[in-house]
Amino acid sequence: MLRRTADNVLPPLAGVTVAVAIYMVFLYAPTARGEGDVQRIFYFHVPLAVLTFVAFGIVAVASAMFLWRGSRGWDRLAHASAEVGMVFCTLVLFTGMMWARPRWNVWWTWDARLTTTLILWLIYAAYLMLRGSVGVGDQGARYAAILGIVGALDIPIINRSVYWWRTIHPAVLTMREGGSGLIDPQMQATLSVSFVAVALLYVWLVWLRYESMRLHDRVEAVRRRVLDIGPPAAATH
């Protein structure tokens with residue numbers, strides 16, 4: 001029942017919400033004074049950044065549950081969330097550079113927030129490379145789980161970096177002086193819809209990857225039964 005509902009509801013819901021968000025970003029939200037149209041990248045950049053943190057936070061929680069309970073289901077969730085988180089984190093860096101080029105006149109600078117975000121990308125790239133180098137049920141899956149937990153420690157550092165160090169990265173949602181960085185209701189509405197769109201996209205993509213891994217595990221289990229090979233230690237749930 002849950003699978004059928006997710007398969008039938010998530011794709012159209014995410015698609016419609018993304019379409020509405022794109023319409024609001026380019027045709028509804030006003031152009032920020034002194035920023036120009038490049039500021040519209042912000043409506044994609046910020047939700048992607050927040051959902052990147054959510055994705056890698058879920059990797060850490062699911063990895064901890066996998067180490068505790070040994071359930072392959074938690075391991076699948078961590079792996080699926082890491083893959084989607086990497087896509088989002090890559091887009092965060094890419095959209096950030098697109099904004100930085102006209103505003104800072106450089107594609108990249110070793111700003112504290114940019115650097116710590118790049119470190120996060122590298123950590124989870126290593127996580128996925130480790131996952132790709134080991135099979136299901138290997139000890140390597142547990143090493144990857146530990147890396148998935150340790151990597152999440154970078155998230156609060158990224159979040160606080162604009163307050164702890166001198167940085168040129170703007171603090172958008174909450175200004176350094178306090179208060180919201182957005183006061184225009186149309187901008188606030190557009191950002192809210194963009195958040196919902198990116199969140200639904202995250203849930204849908206993770207669901208697709210989770211189900212793909214579950215089906216792969218079932219096929220692998222059948223193959224092992226046919227060949228009379230014992231099941232991998234962590235692939236029994």
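## Close-up views of a predicted model

View 1. Ala 141 is found in helix H5, which spans residues 139-151. The model shown here and in the following views is predicted. Ala 141 has a relative accessible area of 3% and is therefore classed as buried. Once its neighbours within four places in sequence are set aside, the residues in contact with Ala 141 are Phe 66, Asp 75, Arg 131 and Val 134. Tyr 127 lies 14 residues from Ala 141 along the chain, and the C-alpha atoms of the two residues are separated by 9.6 Å. Tyr 127 also belongs to a cluster of aromatic rings, in which ring pairs link it with Phe 56 and Tyr 124.

View 2. Across the whole structure, a search finds nine salt bridges. One of them joins the side chains of Arg 72 and Asp 217, with an N to O distance of 2.7 Å.

**View 3. A salt bridge between Arg 209 and Glu 83.** The closest N and O atoms of Arg 209 and Glu 83 are 2.4 Å apart, and the two residues form a salt bridge. Here too the pair links distant parts of the chain, with Arg 209 in helix H7 and Glu 83 in helix H3, 126 residues apart. Arg 209 counts as partly exposed at 29% relative accessibility, and Glu 83 counts as partly exposed at 22%.

View 4. Glu 220 and Arg 223 form a salt bridge in which the closest N and O atoms are 2.8 Å apart. Both residues lie in helix H7, where they are three residues apart, about one turn of the helix. Glu 220 is partly exposed, its relative accessible area being 22%, and Arg 223 is likewise partly exposed, at 39%. Elsewhere, salt bridges with shared partners join Arg 72, Asp 75, Arg 76, Arg 131 and Asp 217 into one network.

**View 5. Arg 113, a buried charge without a salt bridge.** Arg 113 is found in helix H4, which covers residues 112-133. This residue is buried yet has no salt bridge; Asp 111, the nearest side chain of opposite charge, is 6.4 Å away. The separation from Asp 111 lies outside the salt-bridge cut-off of 4 Å between a side-chain nitrogen and a carboxyl oxygen. A polar atom of the Arg 113 side chain does lie 2.9 Å from the backbone oxygen of Asn 159. Apart from residues up to four places away in sequence, Arg 113 touches Ile 158, Asn 159, Ser 161, Val 162 and His 169.

**View 6. Edge-to-face pairs of tryptophan rings.** A pair of aromatic rings is described by the distance of the centres and the angle of the planes. The whole structure contains seven aromatic pairs according to a search. Among them, Trp 99 and Trp 104 form an edge-to-face pair, 5.2 Å centre to centre with 85 degrees between the planes. Trp 99 counts as buried at 17% relative accessibility, whereas Trp 104 is partly exposed at 21%. Trp 108 and Trp 110 also form an edge-to-face pair, with a centre-to-centre distance of 5.5 Å and an angle of 80 degrees between the planes. Within this pair, Trp 108 counts as partly exposed at 26% relative accessibility, while Trp 110 is exposed, with a relative accessible area of 63%.

**View 7. Arginine side chains over aromatic faces.** Arg 69 lies over the face of Trp 68, at 5.3 Å from the ring centre. Arg 76 lies over the face of Tyr 210, at 5.5 Å from the ring centre. Arg 76 is also one of the residues joined into the network of salt bridges that share partners, together with Arg 72, Asp 75, Arg 131 and Asp 217.

How values were computed: Residues numbered from 1 in each chain as written. Predicted model: local features only at pLDDT ≥ 70, side-chain atom pairs only at ≥ 80, totals over all residues. Heavy atoms only, no water. Phe/Tyr/Trp six-rings, centres within 6.5 Å; stacked < 30°, edge-to-face > 60°. Buried < 20%, exposed > 50% of the residue type's maximum accessible area, 1.4 Å probe, protein only. Lys NZ or Arg CZ within 6 Å of the ring centre and 35° of its normal. Helix = DSSP H or I, 4+ residues; strand = E, 2+ residues; numbered from the N terminus. Contact = heavy atoms within 4.5 Å. Lys, Arg positive; Asp, Glu negative; His and termini not counted. Polar contact = N/O pair within 3.5 Å; in protein donor to acceptor, adjacent residues only side chain to side chain.
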